[in-house]
Amino acid sequence: MTRTHDEWKTAARELRLDGRAFIDGARVDAASGETIAKTNPATGETISQLASCGEADLDRAVVAARRAYESGEWSCAGAGFRRERLLELARLIEERAEEFALLDTLDMGKPVRETTTIDAPGSAALYRFYGEAIEKHEDRIPVTPPGSTALVTREPLGVVGVIVPWNYPLEIATWKLAPALAAGNAVVVKPPVEASHSALLLAELAVEAGIPAGIVNVVPGRGSVVGKALALHDDVDMVAFTGSTEVAKQLQQYAGQSNMKRLALEAGGKSANLVFADCDDLALAAQKAAFGAFYNQGEVCSANSRVFVERSVVDRFLELFAEAAQAFRPGDPLDPETGVGSLVSETHADSVWATIEHARRDGRIVSGGERPEINGSRAFIEPTIVTDVAPDHEVHTREIFGPVAVVTPFDTEEEAIARANETPYGLAASLWTGSLSRAHRVSSQLVAGTVSVNTVDALGFTTPFGGFKQSGFGRDLSIHALDNYTDFKTTWMQWS
C-alpha cells in the first residue's frame with residue numbers, strides 16, 4: 001500500500017508506542033519504575049516513555065533465557081520445528097510491516113519510504129532465509145580408525161546477548177537474532193535507547209509465532225547500565241554487537257573480566273571509494289558515491305565517506321557528485337518524497353555540524369554545508385561535500401556518522417591504495433574502473449571485509465558482512481553468521 005504524506009502523518013498520530021521491556025514472554029515495567037522520555041528527532045515531540053531498565057531487569061531476563069534454553073523446548077527441538085516458527089515470524093513481520101516502518105522512522109528519523117521498502121520487508125526475508133538454511137545445515141562424520149565412529153555436530157552456545165545500534169534498529173537486530181535463534185539459542189537483546197520500539201514489538205511477535213516464552217527477551221535502557229551488565233553477566237555465553245569501536249573494546253574487557261564469553265563485534269568504519277579515470281561511467285560513479293556517503297543520513301558504519309578520485313577527472317567528478325547529492329536533501333521523514341530524514345538527535349547533529357564547520361575553516365565546502373530547521377527540529381543536515389583538507393584532518397580520520405564526504409585527488413594506483421588503507425578501520429571499500437585486471441589487482445590490496453567494484457556498499461543475504469582491523473571480527477549475514485552462535489562438538493564412539 002502506498003500512502004501520502006498526510007496519511008503517514010495520520011498513521012503516526014494514531015500509533016500507540018509501548019516502551020515497556022519484554023521479559024519471559026510478557027511486557028513489564030523496569031523494576032525501578034523509571035522511564036526515559038523518548039522523542040522523535042524530526043520534531044522534538046515526546047512519543048513514549050521507555051523503560052529505563054537496570055541490572056535487576058537484565059538479570060531477570062538472563063534467568064528467563066537460561067531457563068527457557070535449558071528446558072530444551074527450543075534448543076533441542078528439531079530444525080524443522082525452528083524453521084516453521086521463524087517462517088511464521090517472517091509472515092507476522094510482513095503483516096505488520098507498516099507498523100515496524102513507522103516505529104523506526106519515528107524513533108531515529110529515517111525516511112518512511114526506506115523503512116517500508118527496505119528495513120521491514122528485508123528483516124522478514126532474513127528470518128525466512130535462516131529458517132530455511134538451518135534445516136540444510138549438515139553435521140559431519142569424519143574419517144576415524146576402524147572400530148570407531150565420530151560425529152561432529154554444531155551445537156548452540158546457550159544464552160546470547162545482542163547489543164543493537166540505533167541506525168538500523170530492526171534490520172541489525174534481525175541480522176543477529178535470526179541466525180542465533182535458528183541455531184537454537186535463547187537471546188537477551190539490549191536495544192538502543194534512541195530506537196527500541198521495533199525490537200520490543202519483534203519480541204512480542206516471536207511469542208505469537210510460537211517461539212517459547214523466555215527465548216527472546218528485550219531489555220531497554222542505558223548502554224552504560226544494561227549493556228555493561230549484559231557483557232559482564234557470568235551466565236551469558238556470547239555477545240553479538242554492532243556499534244562503535246570504543247564500545248567494542250570495552251566489551252572485550254568485560255568478557256575477560258567475567259566468564260570469557262565469546263564475542264562477535266562489528267565496529268566502526270571509515271570506508272574509501274576509489275574512482276579511476278578509466279571507469280566506464282563517471283556520472284554513475286558520482287551517483288553511487290552520493291548513495292554510499294549520504295544514504296540513511298550518512299549514519300551507516302560502512303559509509304563510503306572518503307572518496308579518492310584520479311586527478312585528471314576530479315573536477316568533473318566534483319560537479320557530478322554535487323549534482324547527485326541533491327537527491328539526498330533532508331525533509332520530513334514521513335514524506336514519501338524525502339531524500340533523507342533527520343539525524344538521530346540534535347545532540348548528534350551538533351557533533352556532525354562541528355566537523356563541517358572545522359572543514360569549512362580548514363578546507364573548502366563544495367556542496368551542502370547547511371543545517372536547515374524542519375518541523376521545528378535542528379537535527380537535519382544537508383549532504384556536504386568537502387575537499388582541500390589535510391590528510392590528518394578529522395573528516396579523513398574520524399567516523400563522523402553523518403552526511404559528510406571528503407574528496408581527494410590521487411595520481412597513481414599505488415597512492416590510491418595507500419590512502420584507502422590509511423585508517424585503523426577495515427570494514428568496506430569501493431572502486432570504479434573499466435579494467436578487469438585493475439579491479440582484481442586493487443581489490444586484493446584493499447584491507448576491507450567487503451570490496452565493491454563498480455558499485456558501492458554491496459551486500460546480500462548470501463555474502464558475509466564484517467571487517468578487519470578495528471572494524472571488529474565475526475560476520476553477519478550469510479550461512480557464515482551461524483558460526484558466531486554455534487560451536488563444534490565431537491562425539492566419539494569406540495566399537496572395538
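How do the residues of the lining of the second largest cavity divide into nonpolar, polar and charged, and what counts do they give? The lining divides into 7 nonpolar, 4 polar and 2 charged residues. Here Ala, Val, Leu, Ile, Met, Phe, Trp, Tyr, Cys and Pro count as nonpolar, Asp, Glu, Lys and Arg as charged, and the others, Gly among them, as polar.

The model is predicted; local features need pLDDT of at least 70, side-chain atom pairs count only at pLDDT 80 or more, and totals for chains, interfaces and linings use all residues. Residues are numbered from 1 along each chain as its sequence is written, and side-chain values use heavy atoms, with hydrogens and water left out.

Cavities and pockets were located on a 1 Å grid over the protein atoms alone. A cavity is a set of points where a 1.4 Å probe fits but cannot get out. A pocket is an open set with protein on both sides within 12 Å along at least five of seven lines. Lining residues have an atom within 4 Å of a point. Grid points are joined across faces, edges and corners, and a volume is the space filled by probe spheres set on the points.

By this rule there are 3 cavities of 30 Å³ or more. The largest cavity has a volume of about 100 Å³. It is lined by 17 residues, and Ala420, Thr423, Tyr425, Ala428 and Val447 are the closest to its centre. Strands β16 (425-426) and β17 (428-432) each give two or more residues to this lining. Helices (H or I, at least four residues) and strands (E, at least two) are DSSP runs, numbered from the N terminus. The lining of the largest cavity has 9 nonpolar, 5 polar and 3 charged residues. The second largest cavity has a volume of about 80 Å³. Of its 13 lining residues, Ala303, Ser305, Glu399, Ile400 and Phe401 lie nearest its centre.

The largest pocket has a volume of about 890 Å³. Its lining comprises 36 residues, with Trp166, Phe241, Gly243, Ser244 and Val247 the closest to the centre. Elements α8 (223-232), β9 (238-242), α9 (245-257) and α12 (346-362) give two or more residues to the lining. The largest share, 6 residues, comes from α9. By class, the lining of the largest pocket has 16 nonpolar, 13 polar and 7 charged residues. The second largest pocket has a volume of about 480 Å³. It is lined by 25 residues; the closest to its centre are Tyr168, Glu171, Trp175, Tyr295 and Leu459. Helices α5 (112-134), α6 (169-182) and α10 (282-294) each supply at least two of its lining residues. That lining has 16 nonpolar, 6 polar and 3 charged residues.

An open sheet of 7 strands has the order β13-β14-β15-β12-β11-β17-β18, with mixed pairing. Strands β13 (364-367) and β18 (450-453) stand at the edges with a single partner strand each, so one side of each is left without a neighbour in the sheet. The twist averages 25° from one strand to the next. Two strands pair if DSSP finds at least two bridges between them. Strands β11 (272-275) and β12 (306-310) pair in the parallel sense over 4 bridges, with Arg306 as the bridge partner of Ala272. Helix α12 packs on the sheet and touches β13, β14 (384-387) and β15 (404-410); its direction makes about 115° with that of β13. Contact means heavy atoms within 4.5 Å. Axes are lines fitted to C-alpha atoms, for helices over the stretch in contact, and angles run from 0 to 180 degrees between N-to-C directions.

Strand β17 runs parallel to β11, joined by 4 bridges, and Asn273 stands opposite Ser430. Strands β17 and β18 also pair in the parallel sense over 4 bridges; Thr450 is the bridge partner of Ala428. In β17, 5 of the 5 residues are buried, so the strand is largely enclosed by the rest of the structure. Buried means under 20% relative accessible area, with a 1.4 Å probe and protein chains only. Ala428, Ser430 and Trp432 point one way, and Ala429 and Leu431 the other way. In a regular strand the side chains alternate between the two faces of the sheet.

Glu382 is found in the loop between β13 and β14. At 14% relative accessibility, this residue counts as buried.

Note on methods: Buried < 20%, exposed > 50% of the residue type's maximum accessible area, 1.4 Å probe, protein only.
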